[in-house]
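The sequence and structure come first, and the description follows.

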Amino acid sequence: MKESIVKVLEELEAQSSLEKSRKVNIPPEDRMLTITKETGELLNMILRLKKAKNMLEVGTSVGYSTIWCAEAIAEQSGNIISIEQNPSKIRRAKANFQKAEVNDSIFIKTGNAMNILKELSRQEKYKNFFDFVLIDADKESIIEYFDLILPMVSLQGVIVTDNMLYPEKYREEMKKFSNYLKANPDLITITSEIGNGEEITIKLK
Ligand SMILES: C[S@@+](CC[C@H](N)C(=O)[O-])C[C@H]1O[C@@H](n2cnc3c(N)ncnc32)[C@H](O)[C@@H]1O
């Protein structure tokens, strides 16, 4: 892995530990709420195994997960579209992408995820387009997000959803989401205990 990427990932991991330790008082809107390092490794591995070229991310925050993915997608000269609504997090993410030297492959769409997903899904070019998707934003609309995303995923495309098990306050909602996926015969899906609980879903049809 490039030294510039390792350095930024390590800096963000240190900040994330501090954030989780509650030793510093970070206002809720500035919290990074990143995936775990283990989940970063998992995403990187899936992207490599799939030789993914086109990725969609819902919930950029300051770019920790995006950088893990950009590192792998660079192998295929691929691109990532990442959605985020918080302007100060977007500024931090862009600075991190530049420092990690991965900025060329990442396109941030600024605004509300529902509006942006609706806008993307209306465009013919995004039909069956993304071979990898990470869903990691607000949880209330997760089923609506998924329904908008699914037609944009290619056959055998992979969708990973974070926070299936932790924080516990989301567990009931995420269980409903998981059951919704399991009821769809065109998908295979598992809830893994990696990180905060990762739902790994493949679109079969
Ligand atoms: C859990 S964090 C993402 C963490 C990031 N994936 C990582 O691991 O580094 C969720 C992010 O989604 C953003 N978000 C929440 N609801 C959103 C919405 N409706 N539209 C766009 N962004 C949203 C938040 O501002 C926050 O930065």
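Strands E2 and E3 run parallel and are joined by five bridges. Within this pair, Ser 82 stands opposite Ile 108 in E3. Between the two strands the chain passes through H4, and this β-α-β crossover from E2 to E3 is right-handed. The model described here is a predicted one.

**The sheet**

Strands of a sheet pair through backbone hydrogen bonds, in either a parallel or an antiparallel sense.

These strands belong to an open sheet of seven strands, ordered E3-E2-E1-E4-E5-E7-E6, and the pairing in the sheet is mixed. Its edge strands are E3 (106-110) and E6 (187-192), each of which pairs on one side only. On average, neighbouring strands of the sheet are turned by 15 degrees against each other, direction ignored.

**Helices on the sheet**

| Helix | Strands touched | Angle between directions |
|---|---|---|
| H2 (residues 37-50) | E1, E4 (130-135), E5 (153-161) and E7 (198-203) | about 175 degrees with E5 |
| H4 (residues 87-100) | E2 and E3 | about 175 degrees with E3 |

H4, the helix of the crossover, also meets another helix. The axes of H1 (residues 3-21) and H4 come within 7 Å and cross at roughly 145 degrees. On the H1 side the contact involves Ser 4, Ile 5, Val 8, Glu 11, Leu 12 and Gln 15, which meet Arg 92, Asn 96, Lys 99 and Ala 100 in H4. The residues of this contact of H1 with H4 divide into four nonpolar, three polar and three charged.

**H5 and H6**

How do the axes of helix H5 and helix H6 cross? The axes of H5 (residues 113-121) and H6 (residues 142-149) come within 9 Å and cross at roughly 15 degrees. Angles under 35 degrees count as roughly parallel, so H5 is roughly parallel to H6. The crossing of H5 and H6 is left-handed.

H5 contributes Ala 113, Met 114, Leu 117, Lys 118 and Ser 121 to the contact, while H6 contributes Glu 144, Tyr 145, Leu 148 and Ile 149. The residues of the contact of H5 with H6 divide into six nonpolar, one polar and two charged.

Technical notes
Residues are numbered from 1 along each chain as its sequence is written. This is a predicted model: local features need pLDDT of at least 70, side-chain atom pairs count only at pLDDT 80 or more; totals for chains, interfaces and linings use all residues. Side-chain values use heavy atoms; hydrogens and water are left out. Axes are lines fitted to C-alpha atoms, for helices over the stretch in contact, and angles run from 0 to 180 degrees between N-to-C directions. Helices (H or I, at least four residues) and strands (E, at least two) are DSSP runs, numbered from the N terminus. Angles under 35 degrees count as roughly parallel, over 145 as roughly antiparallel, 65 to 115 as roughly perpendicular and the rest as oblique. A crossing is left-handed if the near helix is turned anticlockwise from the far one by less than a right angle, and right-handed if clockwise. Contact means heavy atoms within 4.5 Å. Ala, Val, Leu, Ile, Met, Phe, Trp, Tyr, Cys and Pro count as nonpolar, Asp, Glu, Lys and Arg as charged, and the others, Gly among them, as polar. Two strands pair if DSSP finds at least two bridges between them. A crossover is right-handed if, with the strands pointing away from the viewer, the path from the first strand over the helix to the second runs clockwise.
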